[in-house]
Amino acid sequence: MKSAVFITGLKSRVFNGNLFNKPSKEVRAEINKVIKIIDRQRIDKVNEVKKPIDDFNDRTKTLTAKLSTVSDNLGKQLNDYNDKRRAGKHEIQFAKFKQIIDEYGLQLDQVPYNPKWDNLSLAFPTFVKEAKEVCEKVLQTQKQLKEIRQAVIARGDELGIGVQPFLEQVGKRDLAAILREMSKYKQELIDVQRKKDELQKEFEKNNKILPNGKVIDTKTGEVVDEKVTVRLIIKDLTQYQIAQLKSYLRDNGLHGTFKVINNEVTNV
């Protein structure tokens with residue numbers, strides 16, 4: 001109230017002109033004094049009004065923190081409960097899953113178990129239906145792959161070429177691409193053999209093999225080559241690789257004894 005009386009008196013003196021009859025320094029000092037009083041009252045009033053708001057905020061924060069803790073605990077309990085339910089559901093359904101794939105004559109490593117089947121919202125009949133659909137799809141794929149392998153083998157027999165490298169492509173490339181590759185390979189073999197035959201004829205035309213194994217140029221009489229015996233040891237070959245090696249040696253006019261690991265000896 002004192003400040004209000006002071007400010008009222010100051011206003012009266014300003015409007016009546018009394019204040020400005022004093023020196024400027026005194027006037028300025030009185031004005032600054034009023035400013036400080038007003039600021040102090042403003043701060044006091046603001047703090048007075050703000051205090052209940054701050055108290056309310058503190059109480060609500062404390063309450064919401066307690067409620068959040070309760071909610072988090074309930075959430076954890078619900079998650080643990082649902083995890084146990086899912087684990088129990090998985091155990092029951094996986095047993096049924098194994099029964100289904102047995103009925104289709106399949107193995108566990110051939111049919112993937114879909115994790116979504118363990119969802120609590122998924123009905124058991126839906127799981128059974130989808131599991132059977134997956135098994136049917138696997139059987140269909142196996143049937144298609146078998147037919148492709150049979151087609152590759154038949155084409156290999158027709159072309160007279162080995163099929164192992166092409167069988168390894170089954171399931172990775174479509175049948176048409178594999179058959180094109182086989183035809184291309186056969187043509188390459190024909191081209192290579194034709195070239196070899198031409199070189200052999202040219203060799204036989206210009207050279208002569210003597211009984212001692214020396215090869216001479218029929219025009220100059222110069223020794224241009226000499227036959228020798230070589231022992232070649234190659235380990236860890238598959239039966240397919242052995243057959244390919246024999247074929248390669250024969251195609252290049254190389255003859256001799258071929259001894260495999262089990263001590264069987266065959267002529268090349």
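Two residues are in contact here when they have heavy atoms within 4.5 Å of each other. Everything below comes from a predicted model, where local features need pLDDT of at least 70, side-chain atom pairs count only at pLDDT 80 or more, and totals for chains, interfaces and linings use all residues. Residues are numbered from 1 along each chain as its sequence is written, and side-chain values use heavy atoms, with hydrogens and water left out.

**View 1. The whole chain, before we zoom in.** The chain has six helices and five strands; these are DSSP runs numbered from the N terminus, with helices being H or I of at least four residues and strands E of at least two. Of the 268 residues in the chain, 17% are buried (buried is under 20% relative accessible area, exposed over 50%, partly exposed in between, using a 1.4 Å probe and protein chains only). Take the contacts between residues at least 6 apart in sequence, and 39% of them join residues at least 24 apart.

**View 2. F97 and W117, an aromatic pair.** Nine aromatic pairs turn up in a search of the whole structure. In one of them, the ring centres of F97 and W117 are 5.8 Å apart and the planes sit at 50°, so the pair is tilted. This pair links distant parts of the chain: F97 belongs to helix α2 (residues 24–103), while W117 lies in the loop between α2 and α3 (124–159), 20 residues away. Both F97 and W117 are buried. For the ground rules, rings of Phe, Tyr and Trp (its six-membered ring) pair if their centres lie within 6.5 Å, and planes under 30 degrees apart are stacked, over 60 edge-to-face, and the rest tilted.

**View 3. F124 and F127, a pair inside one helix.** F124 and F127 are three residues apart in helix α3, which means about one helical turn separates them. Why does that spacing matter for direction? An α-helix has 3.6 residues a turn, so residues three or four places apart point the same way. Is F124 buried or partly exposed? F124 is partly exposed, because its relative accessible area is 38%. F127, on the other hand, is buried, with a relative accessible area of 0%.

View 4. Q93 has its place in helix α2 and is buried, at a relative accessible area of 1%. Which residues does Q93 contact, leaving aside its neighbours within four places in sequence? They are Y113, W117, D118, F124 and F127.

**View 5. Helix α5 and its buried residues.** Helix α5 has 32 residues and reaches 47 Å from its first C-alpha to its last, close to the 46 Å expected at 1.5 Å a residue (the expected span is 1.5 Å times one less than the number of residues). Its buried residues are A177, I178, M182 and N206. They pack against α3, α4 (164–167), β1 (207–209) and β2 (214–217).

View 6. N206 is part of α5 (residues 175–206). N206 and D217 are eleven residues apart in sequence, yet their C-alpha atoms are 6.0 Å apart in space. Skip the neighbours within four places, and N206 is in contact with I216, D217, T218 and K219.

**View 7. I148 in helix α3.** I148 is found in α3 and counts as buried, with a relative accessible area of 19%. Not counting residues up to four places away in sequence, I148 touches V170 and L175. I148 and L179 are 31 residues apart in sequence and 10.0 Å apart in space, C-alpha to C-alpha.

**View 8. Helix α6 and its buried side.** Helix α6 (residues 239–251) has 13 residues and spans 18 Å from first C-alpha to last, close to the 18 Å expected. I242, K246 and L249 are its buried residues. They cover an arc of only 65° around the axis, so they end up on the same side of α6 (the arc is that of the directions from the helix axis to the C-beta atoms).
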